[in-house]
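The sequence and the structure come first, and the description follows.

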Amino acid sequence: ALAALRRSVFLDPGSVLAQVALADLLARLGEPVRASSALRAAAALLGEGDPTEPVDGHDGPTAGRVRELIAAQLARLDHRPEVRGEP
């Protein structure tokens, strides 16, 4: 799944939803720094546009809803202790 999402982001770097999906998977794999980076990339792609507009030109979630999701995920990741190889 990770390889497929990375390919998706590579092929369509402007896809907000692909960035969010990649971030979710990275967080689940225990990579909070990389997940945060993908979320910040998604937030930058969204910008400050109309919150009622659908994201990525789809009939799916609105920009406002995706901004809320990104903010919630970033807050969770920022409060998650990082796993380190040191005792």
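In this predicted model, helix α3 (residues 32–46) packs with helix α4 (residues 63–78) at an angle of about 155°, and their axes are 10 Å apart. Because angles over 145 degrees count as roughly antiparallel, α3 is roughly antiparallel to α4. The crossing in which α3 passes α4 is left-handed.

Both helices contribute residues to the contact, as listed here.

| Helix | Residues in the contact |
|---|---|
| α3 | Pro-32, Ala-35, Ser-36, Leu-39, Arg-40, Ala-42, Ala-43, Leu-46 |
| α4 | Ala-63, Val-66, Arg-67, Ile-70, Gln-73, Leu-74, Leu-77, Asp-78 |

Sorted by class, the contact of α3 with α4 consists of 11 nonpolar, 2 polar and 3 charged residues.

Helix α1 (residues 2–11) has buried residues Leu-2, Leu-5 and Val-9. These residues lie on the same side of α1 because they cover an arc of only 65° around the axis. An α-helix has 3.6 residues a turn, so residues three or four places apart point the same way. Arg-7, Phe-10 and Leu-11, on the other side of α1, are exposed. The cover over the buried residues of α1 includes α2 (16–28).

For the protein chain as a whole, there are 4 helices and 0 strands, and the pattern along the sequence is α-α-α-α. Of the 87 residues in the protein chain, 32% are buried. Among contacts in the protein chain with a separation of 6 or more, 50% are between residues 24 or more positions apart.

How values were computed: Residues numbered from 1 in each chain as written. Predicted model: local features only at pLDDT ≥ 70, side-chain atom pairs only at ≥ 80, totals over all residues. Heavy atoms only, no water. Axes fitted to C-alpha atoms, helices over the stretch in contact; angles between N-to-C directions. Helix = DSSP H or I, 4+ residues; strand = E, 2+ residues; numbered from the N terminus. Parallel < 35°, antiparallel > 145°, perpendicular 65-115°, else oblique. Left-handed = near helix turned anticlockwise from the far one by under 90°. Contact = heavy atoms within 4.5 Å. Nonpolar A, V, L, I, M, F, W, Y, C, P; charged D, E, K, R; others polar. Buried < 20%, exposed > 50% of the residue type's maximum accessible area, 1.4 Å probe, protein only. Arc of directions from axis to C-beta.
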